[in-house]
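Got the viewer open and a selection box ready? Let's take a short walk through this one, starting with the whole chain and then going residue by residue.

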Amino acid sequence: MSNLNLEIPTEVREFAEKTVDQARKAFDSFVVAAQKATAQSEAAAESLTANAREVSSKAIGFAEANVKAAFDLADKLVKAKDPKEILAIQSEYLKSQVASVQEQAKVLGDAVKKAVASTTESK
C-alpha cells in the first residue's frame, strides 16, 4: 500500500466549522424559544386553573344560597295559614330570587371576564 497523504483543504475545513457554528447557534435559539413557550403555557395553565377554581367556587356558593332560599320558602309555605298568605310568600320569594339571580349572573359574568382577560394577558 502506498502511503497517501490526503489533507482536507483549508476552505473546506473553514466552511465545515462555520456550518457547525451556525447550526449550534440555530439550535441554541430554538431551545431558548422552546423554554420561553413552555414557561408561557405553564403560566397560562396556572392562571386558567386558578380562575376556573374561583368561578366554580362562586357558582357553588350561589347554588347553596339558592337551595337554602328554596328550603326557607318551603318552611314558610308549610307554616302559612291560608291561600292569601301562600301567595304573598311566593310573591316575595319570586321577587327576591329574581334580584338574587340577576346579581349572581352579574358576579359570575364579571368573574368569567376577569378569568378570560387574565388568561389572555399571560400569553
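**The whole chain**

Start by colouring the charges: the protein chain carries 17 positive and 18 negative side chains, with the centres of the two sets 8 Å apart. Here Lys and Arg count as positive, Asp and Glu as negative, and His and the chain ends are not counted; each charge is placed at NZ of Lys, CZ of Arg, CG of Asp or CD of Glu.

Before you click further: this is a predicted model, where local features need pLDDT of at least 70 and side-chain atom pairs count only at pLDDT 80 or more, while totals for chains, interfaces and linings use all residues. Residues are numbered from 1 along each chain as its sequence is written, and side-chain values use heavy atoms, with hydrogens and water left out.

Switch to cartoon, and you get 2 helices and 0 strands (DSSP runs numbered from the N terminus: H or I over at least four residues for helices, E over at least two for strands). Now zoom out. The C-alpha atoms fill a box of roughly 120 × 30 × 15 Å along the principal axes. The radius of gyration is 34 Å, whereas a compact globule of 123 residues would have one near 14 Å (taken over C-alpha atoms; the globule rule is 2.2 Å times the number of residues to the power 0.38).

How much of the chain counts as buried? Of the 123 residues, 11% do (buried is under 20% relative accessible area, exposed over 50%, partly exposed in between, with a 1.4 Å probe and protein chains only).

**Select Lys25**

Lys25 sits in helix H1, which covers residues 10-79. Lys25 counts as exposed because its relative accessibility is 53%. Draw a distance to Glu103, 78 residues along the chain: the C-alpha atoms are 57 Å apart.

**Select Val67**

Val67 is also a helix H1 residue, and at 44% relative accessibility Val67 counts as partly exposed.

**Select Gln97**

Hop over to helix H2 (residues 83-121), where you'll find Gln97. Is Gln97 buried or exposed? Gln97 is buried, because its relative accessible area is 14%. Show what touches Gln97: setting aside neighbours within four places in sequence, the contacts are Asn66 and Ala69 (contact means heavy atoms within 4.5 Å). With Asn66 there is also a side-chain polar contact of 3.4 Å (a pair of N or O atoms within 3.5 Å; within protein, one must be able to donate a hydrogen and the other to accept it, and residues adjacent in sequence count only if both atoms are side-chain atoms).
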